[in-house]
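Take a look at the structure below.

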Amino acid sequence: MAQLTLEEVTKVFNAGDSEEIVAVDGVDMEIEDGEFLVLVGPSGCGKSTTLRMIAGLETVTSGEIRLGSRRINDTPPADRNIAMVFQSYALYPHMTVRGNMRFGLEESTDMADDAIEATVEETATMMGIEDLLDRKPSELSGGQQQRVALGRAIVRDPEAFLMDEPLSNLDAKLRATMRTELQRLQNELGVTTVYVTHDQTEAMTMGDRIAVLNGGVLQQVGTPLECYHTPNNRFVAGFIGEPSMNFFDVTRDDDTLEGDAFAYPLSAETRPAVGDATTLTLGVRPEDIELAADDGPDTAHSFDCVVDVVEPVGESNNVYLRFAGAAEDSNPFIVRISGTRNVAVGDRVTATIPPASVHLFGPDGRALKNRSLDDVDGVSP
Amino acid sequence: MSGVPAGGRSPLDRVKRVALYAVLLVMAAFYLIPIETGLMTSITDPATYTGQSPFLPPMEPLVEGSGRLSLQPWGNALAGLASGLVNSVILVVPATVFSGLLGSMAAYGLTSVDWRGQVGVYALFIAGIFIPYQAVLVPLTQFWYNVVPLRTLWVPLANLPLVAEHHWKLVALIVTHTAYGVPICTLLFRAHYKKLPGEMIEAARLDGASVSTIYRRIVLPLSVPMFAVVFIYQFTQVWNDLLFALTIIQFGDASVVTQELVGIGVSQSGTNFPLRMAAALLAALPTLVVYVLFGDKFAEGVTA
């Protein structure tokens, strides 16, 4: 078990004709010993490439990867003592579960046969697959194959686990169960883990910290709640959270932010953060907007709106609103209200955007002001 | 078909079906009659063979002119082809196994292992498939008779048990057939290996397996159906070959079965048809046996 360090790691692919594609661009990351880091981002953001470079399946164009104090850039994958779980599970179809789990121990250690057998049995019991040991992968369900793939990684007792979307082939129920179980296992084993996913529920719930990647560039590394409440930039703000944060393009006119169909007063505390930027993006999370009936509060932060669509999710309703004066084809914004509140399409309502929960992003997307956390309890318990 | 209630058939459908079966029957007869004729001829006593209705079973004295039943042609064919059959077996087994194994290894190296310039090397392999036999006949003779002194190199080995002096020609033929078979085998295996999941190979690499271990423990066991395809194909190809045998062996003790088949049953007094038929069927038998042995894996391989 060891700390994993990425320093200025860059990967450039040659797409022929001297055309170069930068898949990963100068990523700096430090993953503590025993930490569970989730690497998240949209497809094609370079998260899998980063993982494959750590595994040694891709060469590193520049930069350095260290496991503990050992530089592993040029170490072949076999000598890195890293285990990886693939999305497709990548089990060996001609071997039994026992054979699959033994393979790594036989190839990478000089353990005696009965010691290997004992280790395999022990891990299989821990994973609850001891009854499947003599079956072939084709005779197992997807969930069982997934367990075997995990078991095959665990049995090797590696210095680090790499997981490439390991749960994405499971159905929703099983995925939720396995999410919890994986976390529990990682906690027990205390092995440094890098987990790649595009699923932000997995990112939020599983990781000690999450690293958000976009276009090969690291956007932010932080605890899930840090990324949620104090995003570094507009991309992180929009990527983390479901439904996504609402964004409004605004221009600053003295102490007012002018949008297409609304004007939002800029408070005195916020003004210094904004500086002299004039084109800004105002962001606010759907659950931070307060919804009231048509004759609701009449403050500078309240706006008359019309309900466009209502999406009941069960515990909450996602309500799509449009400002009263906005054009029919303008993009609606989303408000999340309790699932027991009744709102119908076409209703006129009042939406209040509290100044404390507003995020402001500069023209380059950088966060100028994040929501204040005074009204949020227990961010750091 | 067109609006017919379930269970019933329209007259048109019935006509189509009758026509279909009639055509199938005619085609089956067309393909099977020559073989049946050969079989019936081969069990006819040559002295009573008239050639009037060779497809009829020999039923003399019941049917006049159909010949008398005799297994003597098969006995004579076996005696006449014995050394050719032995030589062919000595040739075909190693030639098939080597071209299959080498083709599989080459395909693995050209597919699952990453290195520079493999496309160029693969192009050379593919080009090898298209070199016409006729173009290499003279160089082959020159090579084995003048360039490589295999004949003199072989002399000391000829004293070993079961090894004879004339076997050097078979060794030359084995090497030639292996070399000629490797490109097509590589092509077949490469198509198979491209379908193997890349993540599985990567998992094995992370599990600590070397390139050769991955081949031996992962790729080779997963190639069994493709080996059946390649073995059947190469076996048939090498067993039936006459051109290379004539070029390299030319004549003598090392003659293979196809060479001996050419002359059997032909003499100045005429052609012994029953003997020729028996010999032809006997020479074709091993390819049928191989088909039966590897048939189920073959089906798996071609449908995979």
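This is a predicted model: local features need pLDDT of at least 70, side-chain atom pairs count only at pLDDT 80 or more; totals for chains, interfaces and linings use all residues.

Residues are numbered from 1 along each chain as written, chains are lettered from A and ligands numbered from 1 in written order, and side-chain values use heavy atoms, without hydrogens and water.

How many residues of chain B are in contact with chain A? There are 15, and they touch 24 residues of chain A; contact means heavy atoms within 4.5 Å. The area buried between the chains is about 1,800 Å². That is the accessible area (1.4 Å probe) that two parts lose on being put together, summed over both. Leu206(B), Asp207(B) and Arg217(B) supply 40% of the area that chain B buries against chain A.

The interface also holds four salt bridges. Each is a side-chain nitrogen of Lys or Arg within 4 Å of a carboxyl oxygen of Asp or Glu. One of them joins Glu106(A) and Arg217(B), at 2.8 Å from N to O.

The largest pocket holds about 740 Å³, a volume filled by probe spheres set on grid points joined across faces, edges and corners. A pocket is an open set of points on a 1 Å grid over the protein atoms alone, where a 1.4 Å probe fits, with protein on both sides within 12 Å along at least five of seven lines; lining residues have an atom within 4 Å of a point. The second largest pocket has about 440 Å³. Among the 20 residues that line the second largest pocket, Phe247(A), Phe248(A), Asp260(A), Ser330(A) and Asn331(A) are the closest to its centre.
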